[in-house]
Amino acid sequence: MEKKKHKTLKRVILAIVAIVVVLAAIIIYFVVKDLQQEELLKQEIVNYSNKNLGTDDFPIVVKTTGDYAYVEEAVKKYYKNLSDNVKAINSYLKNDKLLTVLSPDSLKNDRPTYASSHEIIKSTRDNINESLKNIDELCDEKTIKNLIDKEKLDDGDYYYDLYLKFMYTEKDKEDLEKTREVMQEISKTFNQYLDKADEILTFLQVNDNTIEYNAGMVYFRSTNQLAEYNKLVTELQEIAKGMNHVGEEKKESKSDAI
């Protein structure tokens with residue numbers, strides 16, 4: 001009888017041990033899987049944050065799962081939005097109509113009011129300023145911190161803190177502030193450029209009766225007007241040189257910051 005009880009107790013203990021081992025294995029599996037997801041999220045954020053906003057692609061391909069996927073998608077959409085606005089600015093600046101708006105041939109075809117030229121400058125100004133405004137808002141601390149809705153996560157505080165750890169380090173704060181400063185400088189210099197281009201067009205319109213366009217050149221009958229025109233063009237060229245030097249600092253990798 002005692003022997004039978006001993007065997008029964010042994011079986012119970014073995015069963016309990018087996019259950020504990022299985023539970024431990026399951027817990028370890030999910031812990032390891034969770035850590036792998038966290039590391040994958042970190043790597044994806046690092047990869048996206050180190051891309052070139054003006055030239056690289058930002059596909060919204062989510063590689064993590066669960067709540068990590070929600071964070072990953074939000075971050076990738078953020079960088080794509082930022083990149084889209086930077087690329088939009090580049091495309092507006094490289095627009096052929098803007099680049100040739102003050103060319104003699106274009107001016108000749110648009111005289112005497114230069115209405116089309118004025119409209120090209122206005123639409124370019126509006127489009128670029130809108131993109132610059134979007135970039136400025138995306139770089140704002142409030143925008144970054146509101147990118148994740150904790151209410152949509154099972155453990156909102158944990159994943160939100162993890163998001164900030166990966167996305168909003170001290171280095172990120174410095175980089176975003178630099179980006180905002182560069183964008184503000186670009187906006188200021190670019191608008192100065194367009195203002196000067198508009199001023200040249202207005203000058204040509206007012207003095208249209210003293211101007212001739214021939215063989216890709218602009219000729220003035222008055223030396224005073226010619227001197228004033230050359231002065232305005234020189235000022236425009238100086239502003240253009242300043243635009244080329246704005247924001248030339250190379251962005252460093254953030255991989256070591258998190």
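Reader: At what angle do the axes of H5 and H8 cross?

Author: An axis is a line fitted to C-alpha atoms, for helices over the stretch in contact, and angles run from 0 to 180 degrees between N-to-C directions. Helices here are DSSP runs of H or I with at least four residues, strands are runs of E with at least two, and both are numbered from the N terminus. The axes of H5 and H8 cross at roughly 170° and come within 10 Å. H5 is therefore roughly antiparallel to H8 (over 145 degrees; under 35 is roughly parallel, 65 to 115 roughly perpendicular, the rest oblique). Their contact has 10 nonpolar, 10 polar and five charged residues. Nonpolar covers Ala, Val, Leu, Ile, Met, Phe, Trp, Tyr, Cys and Pro; charged covers Asp, Glu, Lys and Arg; the others, Gly among them, are polar.

Reader: Before we go on, what kind of model is this?

Author: A predicted model: local features need pLDDT of at least 70, side-chain atom pairs count only at pLDDT 80 or more, and totals for chains, interfaces and linings use all residues. Numbering starts from 1 along each chain as its sequence is written, and side-chain values use heavy atoms, with hydrogens and water left out.

Reader: Which salt bridge does Asp 136 form?

Author: A salt bridge puts a side-chain nitrogen of Lys or Arg within 4 Å of a carboxyl oxygen of Asp or Glu. Asp 136 pairs with Arg 180, closest N and O atoms 3.1 Å apart. Asp 136 lies in H5 and Arg 180 in H8 (residues 170-206), so the pair ties together parts 44 residues apart in sequence.

Reader: Is Arg 180 buried or exposed?

Author: Judge that by relative accessible area: buried is under 20%, exposed is over 50%, and partly exposed is in between (1.4 Å probe, protein chains only). Arg 180 is buried at 19%. Asp 136 is partly exposed at 21%.

Reader: How many salt bridges are there?

Author: The count comes to 20. One of them joins Asp 126 and Lys 122, with 2.9 Å between the closest N and O atoms. The two are four residues apart in H5 (residues 115-138), which means a separation of about one helical turn. Both count as partly exposed: Asp 126 at 39%, Lys 122 at 46%. Arg 221 and Glu 212 also meet, at 3.4 Å, N to O. Elsewhere, shared partners join Glu 44, Lys 63, Glu 72 and Lys 76 into one network.

Reader: Which residues of H2 and H7 meet?

Author: Read contact as heavy atoms within 4.5 Å. From H2 come Asp 67, Tyr 68, Val 71, Val 75, Tyr 78 and Tyr 79; from H7, Tyr 158, Tyr 159, Leu 162, Tyr 163 and Met 167. By class, that is 10 nonpolar, no polar and one charged. The axes of H2 (residues 66-93) and H7 (residues 156-167) come within 11 Å and cross at roughly 40°.

Reader: What about the backbone: where is the cis peptide bond?

Author: Most residues other than glycine have a negative phi, and most peptide bonds are trans. The cis bond here joins Arg 111 and Pro 112, with omega about 5°. Pro 112 sits in the loop between H4 (104-110) and H5.
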